[in-house]
Amino acid sequence: MKFTLSWLKEHLDTTADVSAVVEAMTMAGLEVEHVEDPGKRLAAFTVAKIVEAVQHPNADKLRVCQVDTKDGRLEIVCGAPNARAGLTTIYAPIGAYVPGSGVTLEARPVRGVVSNGMLCSARELEISEESDGIVELSDDLPVGASAVEAFGLEAAIDFEVTPNRPDWLGVRGIARDLAAAGLGTLKPDTTAPVKGSFPCPIEIRVDGDACPVFAGRLIRGVKNGPSPAWLQQKLVSVGLRPINALVDVTNLVSQDRCRPAHVYDAAKLKGPVIEARLGREGESILALDGKTYAVGPEICVIADASGPVCLGGVIGGQDSGCSDETTDVFLECAWFDPIRTAQTGRTLGINSDAQYRFARGVDPESPVPGLELATQLILQLCGGEPSEVRVAGHAPAPPKAIAFDRGYVKKLSGLNVPPSRIDDILTKLGFAVDGDAVTPPSWRRDVEGKADLVEEVARIEGFDALPAEPLPEIARPAGGVLTIRQRRMRDARRALAARGYAEAITWSFMRQEWAEMFGGGDPKLVLTNPIASDLSTMRPTALGNLIDAAARNARKGFPDAALFEVGPNFRGDQPADQWTAVTALLAPHSPKHWAKAGGDPLFALKADLLALLDELGAPQLQVVQGQNAGWWHPGRSARLQLGPKVVIAEFGELHPRILKALDAEGPMLAFELSLDAIPEPKKKGVKTKAALELSPLMPLTRDFAFLVGADTPAGDLVRPILGADKALIADARVFDVYAGTGVPEGQKSVAVEVVVQPREKTLTDGEIEALSGRIVGAVEKAVGAKLRG
Amino acid sequence: MTDLTRMEAELSARVAAAADLAALEAIRVEALGKTGSISELLKTLGKLTPEERREQGPKINGLRDAVQAAIAARKDALETAALDAKLAAERVDLSLPPPPERRGRVHPTMQVLDEMIAVFADMGFSLAEGPDIEDDFHNFTALNFPPKHPAREMHDTFWLPEDERGERKVLRTHTSPVQIRTMQRLNEKLPSWIANGQEPPIRVIVPGRTYRSDSDATHTPMFHQLEGLVIDRDIHMGHLKWTLDQFIARYFETPMVESRFRPHHFPFTEPSAEMDVKCDRSGGDVKIGQGNDWMEIVGCGMVHPNVLRNCGLDPDQWQGFAFGFGVDRLGMLKYGMPDLRDMFAGDTRWLDHYGFSAFQAPNPATGLS
C-alpha cells in the first residue's frame, strides 16, 4: 500500500519529513518497501507556454510550435491536436528520458523540421492513463516551474503490512501508531453523522453467515462525473485510478480508513430488498473487471430480486455499477467475514483492494462511521439528498478486556518501562485502560492476551532500548552436544570429502517415473502442487538425483564426477518412514597419464565405502552378492549386511538400463549407506581403549593356494581361516585368484597369505605344520576347497 | 731390508690399480691369505732370535698393516663409485606430474551449518531434529496459525494428497515444527532421532531442510533453516538480543557488526521481531559490518503463549525465545555465492570452487572458517 506525507498530515499533526516517517514506521513494525519520488522521475520536465502553432509544411497532423521554455524560445514539432497558441503545457528538453514512451529525446528533423524538444502528454509523464493530447495546465503557472510542482505530485511511501495489522491499511491507522511513537499528535476524527431526510426505501437483509452486519442508505439526486482535480490527484499519488466521483469516494474512504464501501446505481437495482446472503448453485455475476464468475454456496453475494449484484467484499457487478448518468445511489458499508472473503478471493482468483482488506479484517465497528464519512464526501462532491441510515445484523462481539500486570512488560521483554508510560502508550494506540483491565480497540482483533500488550508497549517504546543480557550458564551435556547419529553425519561428510568426493545437496524430490524406477513413487508421496513435473515425488533414494547431476556435469564437458550426499530418503509419509542415507556416486574416468594406473575402479569404491564404515565405527559386515535391487548391475554389485537381515549398505555398478533411462553415459558406480542402520555404541562419551599387547616375537607368514568352485566367493575362505586358530592367526589376505591352465574346469585357485603371530614362544616346525593342517581342514569343511598340489 | 720396502710399494701400486672388488680380493689373498706373501713373512718371525725379532717384528707387522689399510681404502673407493653409478642410472624426471587425484569438498551450506552449530554448541545449545514430511498440526496449528488464516497462505506450502481421514501432510515450511516436537511428548513410537518432548529448561537448535513452492535467484523450493529455542523461567527478549548479537559477531568473525531489532509479525512469537545488521551494498556485493544499509538476517521473538499452551506448558511458569535463520542465505552472505539455485545444482566446478576441505572443520583454536 502507498500513502503520501500530505495525506498522513491530514491525520497527524507533525513536522516530520518523509525520511523521519519512514524510520518511525520501520521501528514501529511497518516494513517500508521503497519511497517512490516522482521528483526524480520527472526532474527534467518543466512548464512551458506555446506562443505560436502553425501547420507543419510536410505533414497534415503535425504542428510547428514556437515555445517559451526555461531554455528560451524554441521551435518544437508536435503531433497533438490540442497544441495551440497560448496553451500552458509541459516541455521536455533534448536528452530527457520520457518515462511513458521509454525514449531519450534527440534533436532530429521531423519531416524536415528539427524539433528542439518535446511537448508531453500525461501518459508520457506516467501520471495518468489518458492521452487526448498534450497536458493542459493552468495559465497561472510560470514558465520553468517543475512538473512535480505543476501536478502537485509528492513522494509516495510504499509499504508492506503484516497480516495481523489490517488497521494499517488505512492512513489514519498509520497516523495513530506514529503518534504513539512520538512523531506527532493524532488529529481528532471530524466525521459527523449526516441526518437523513427520508426513510431508506431499500430494505436490507443479512444472512449472518455471509455478512454479519450491513449499513446502507440511499442518496437521491446526485450528479456524478469526474471527481475534482484534488481527489484525482490524491488517488493517482497512491497509485489508484480515478473513475468517477461516486466510486472515487469509496476508494478514498477505503484508503483513508481501511473501510471499503460500495456504490450501486439504485435505478438498476430490482425490487425493494437488498440481501447479503450465500450464493446459490447456478448463479453467476458479470463483475466490474468484465469477467463472469459462477458463484456457489461458499461465496457471499449481495443480491436483489434479479440475483447477485455484487460479490460481497470482493468486487461489484457491472450491471448495477454507477456511471455518469447515475442520479440515485445506494451506498453499502458492510463487514464481511475475513476467512470467507479470503477463500472467495482464492477460489475466483480475484485480489481487489477491498478483498485484501476484508480478508485481513476490517474494523467490525466501522460500517456506520464509514457510511457517514462517505455520505459527507458524496454530498460535498455530487450533491443529493440522503436517506436515513439502515443497519441490518450485528457486529461480532468486541475484543474482551485483558488482565494486565504491568510487571509482565519487564518479565517478558526485559525493558524497564514505568507503568504510567505503559498506560500512555496503550491509550494512544486506542486501548481502554481501566486499572488492571486493558481492552483492545475494535480494530485490533489481533490482540488477545498480555503478551500482545507487551509487544505493543515494547515496539512503541522501541526495540532499540532492549538490554543485551547474557544467557544464564547451564550444565552442558558431557561429550559434546551432538548425538552419535548427528556426529556420524558430520564425520561421513568429512570422511568422503577427504577421499576425493564432492558433497552435493540435491532436491528431496524427483520425477515420478524415476522414483518408480528406484522402488518408490507411492502416490502418498506425490506432491499435489509440485513446482515442476520433474520435482513431483518425494525421493526413495538420492541415487537418481546424483546420477542426473553427474550426467549434467558430463554434458558440460566434465565427465569425472565423484559426488556424495548425506540426506533424507522417504519410504512413506510417516515420520518413521524417513531415513538418512550417505549416497556416493563415482563416474570412473581414466585420464591419460604417463604412468598407467590399473585395477577395477569398483574396488576403489569398495575401499572408500569400507573406510567410511570404519570411520563411522561400524562392526565387521558380510558381503552378500546377488540380492541387490534391480537398479544395480546384477554381477557387479553387493550388499553389506549385519547378520542375515540388516542391510547397512548396497554398492556396485549401476544397471546400464537405469543410466540410459536417466540419459546418463555409463559406467557409473555408487554406494548407498543407511546411517540409521549402523548400530550405536551403548554409551556416548570417552571410551577407554583396551590394553595393547605388543608381542616381542616376529610374526610369520605362510601362503596357501586352494582349489574351489568357480562360483565360491573368495571372501568365504577368509572367515574359516581366521577361525582356525583365533589366538595365533592375525590376518588372512587373498592375494591371487586364478583360473585357466593347471586349474580344473569349473574351479579356480585362490591364494591366501596367512599371518601368524606367535604369542608366548617361537613356534616349532611341528607346531606350524599342525596349524597349517587346521587351516586347510577348516577351509575344506567350510567351502569344500582342496589345497592346490 | 729394502725388500720389505719394495714389497710394500709393489703391493700398494697393485691395490691402487685394482679395477674391481674381485681383483682387489685376489691381491688380498695373494698377500694376506693363509699362504700369502706377507703371511709367509710373519711365519719366519718365530725362527728368529729375540734380538732379530725385536728388529724385524715391527717392520713386517707394519708392512701387513699398511697393505691392509690400502686394501680397505681401495674397497671403499670402489664401492662408492659403484653406488654413484647405480644412483646416476636411477635418475627420473621429476617435472612429470603425479597420478591425478580428485579433490573432495564439503558443501558450503553444510560447512556453514557446522560453523553455526559450533557457535551455538558453545552457548550450550543441543541439536534437535524432526521429519521433513509434517502434519498440519505441527507445521501450523500448534504454532498458532489459525485455520485458514492468510499467514498460512504466505508460506507457499507444498501439499501431499489427502489421506483416508481427509488430512493432508505438508513438506515442512520451516523448522519450527520441531519446537513443538521438542516441547511436547507424543504417545506414538517415533525413531530415536526425532525430538519427542523434553522437560524445560530447553536450549536447542534445529537444523534441517525446509520447503516452499517458490523459485528465483533468492528462493528455491528446498532450502535450509536453523531454528533456535530457549525455554526457562525468566528468559526475556534481552537474552534473545544478546544471543543473536553474540552469534552474528562470532559467525561473521568480526566484533564490529551493528544490529537492530525491528518489530515484525509471526504467528508463533509474541512479541516478534526481525534483526537487521549493518551492511554495505555500494560495491555490488554485500559486506556485513560496514556501510550504512540494513539487511534482515533473522526472524525471532518470544514464544507465543498459545504455542506453550499447545505443548502443555503453562505460560505463567515458562517463557522463552525462538529464532530462525536461513542457512543457505547466511552462507551466501559470508562466502559470496551469488545465486541460491546453484547451491542445489551439483555442478562439480561450483562445488570445487565454493566447497571446503575436509580438514576445515570449525574449531575453537583456528576460528570458524
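This is a predicted model: local features need pLDDT of at least 70, side-chain atom pairs count only at pLDDT 80 or more; totals for chains, interfaces and linings use all residues.
## Overall form of chain A

The secondary structure of chain A comprises 20 helices and 42 strands. Its radius of gyration is 42 Å, whereas the globule rule gives 28 Å for 789 residues; chain A is therefore more spread out than a compact globule. Along the principal axes, the C-alpha trace of chain A spans about 130 × 80 × 60 Å.

Of the 789 residues in chain A, 42% are buried. When contacts in chain A between residues at least 6 apart in sequence are considered, 69% of them join residues at least 24 apart.

## Overall form of chain B

Chain B contains 12 helices and 11 strands. The radius of gyration of chain B is 42 Å, well over the 21 Å that the globule rule gives for 369 residues, so chain B is likewise more spread out than a compact globule. A box of roughly 130 × 50 × 45 Å, taken along the principal axes, holds the C-alpha atoms of chain B.

Chain B is divided into domain 1, covering residues 4–89, and domain 2, covering residues 108–354. The C-alpha centres of these two domains of chain B lie 91 Å apart. Buried residues account for 44% of the 369 residues in chain B. Among its contacts between residues at least 6 apart in sequence, 65% join residues at least 24 apart.

## The contact between the chains

Chain A contributes 82 residues to the contact, and chain B contributes 73 residues. On the side of chain A that touches chain B, the largest share comes from helix H14 (residues 484–498) of chain A, which supplies eight residues. By class, this side of chain A has 48 nonpolar, 18 polar and 16 charged residues.

## A five-stranded sheet in chain A

Chain A has an open sheet of five strands in the order E15-E18-E21-E22-E23, with mixed pairing. Strand E15 (203–206) and strand E23 of chain A are the edge strands, each pairing on one side only. Strands of a sheet pair through backbone hydrogen bonds, either parallel or antiparallel.

Within this sheet, strand E18 (residues 273–278) of chain A pairs with E21(A) in the antiparallel sense over four bridges. In that pairing, A:Glu275 has A:Ala303 of E21(A) as its bridge partner. Strand E21 (residues 300–304) of chain A is also joined to E22(A) by four bridges, and these two strands run antiparallel. Here A:Ala303 has A:Pro308 of E22(A) as its bridge partner.

## Strand E22(A) and its two hairpins

Strand E22 (residues 307–311) of chain A is mostly covered, with four of its five residues buried. E21(A) and E22(A) form a hairpin that has two residues between the strands.

On its other pairing, E22(A) is joined by two bridges to strand E23 (residues 315–316) of chain A, and the two run antiparallel. A:Cys310 stands opposite A:Gly316 in E23(A). The hairpin of E22(A) and E23(A) has three residues between the strands, and in this hairpin A:Gly313 takes a positive phi near 75 degrees.

## Nonpolar cores

In soluble globular proteins, nonpolar side chains tend to be buried together. The largest nonpolar core in this model has 244 residues, of which A:Ala550 and A:Leu563 touch the most other members. When neighbours within four places in sequence are left aside, A:Ala550 is in contact with A:Ala561, A:Leu563, A:Leu585, A:Ala587, A:Ala664 and A:Met668. A second, separate core has 32 residues, among them A:Phe45, A:Leu119, A:Ala122 and A:Ile127.

## An exposed residue, A:Arg555

A:Arg555 lies in helix H16 (residues 543–555) of chain A. A:Arg555 has 12 other C-beta atoms within 10 Å and is therefore exposed, since a residue counts as exposed at 12 or fewer. From C-alpha to C-alpha, A:Arg555 and A:Ala714 are 39 Å apart in space, and they are 159 residues apart in sequence.

Methods
Residues are numbered from 1 along each chain as its sequence is written. Chains are lettered from A and ligands numbered from 1 in the order in which they are written. Domain bounds come from an automatic or database domain assignment. A residue is buried if 20 or more other C-beta atoms lie within 10 Å of its own, exposed if 12 or fewer, and partly exposed in between; C-beta atoms are placed from the backbone. Two strands pair if DSSP finds at least two bridges between them. Two residues are in contact if their C-beta atoms, placed from the backbone, lie within 7 Å. Ala, Val, Leu, Ile, Met, Phe, Trp, Tyr, Cys and Pro count as nonpolar, Asp, Glu, Lys and Arg as charged, and the others, Gly among them, as polar. A nonpolar core is a set of buried Ala, Val, Leu, Ile, Met, Phe, Trp, Tyr and Cys residues joined through C-beta atoms within 7 Å. The radius of gyration is taken over C-alpha atoms; the globule rule is 2.2 Å times the number of residues to the power 0.38.
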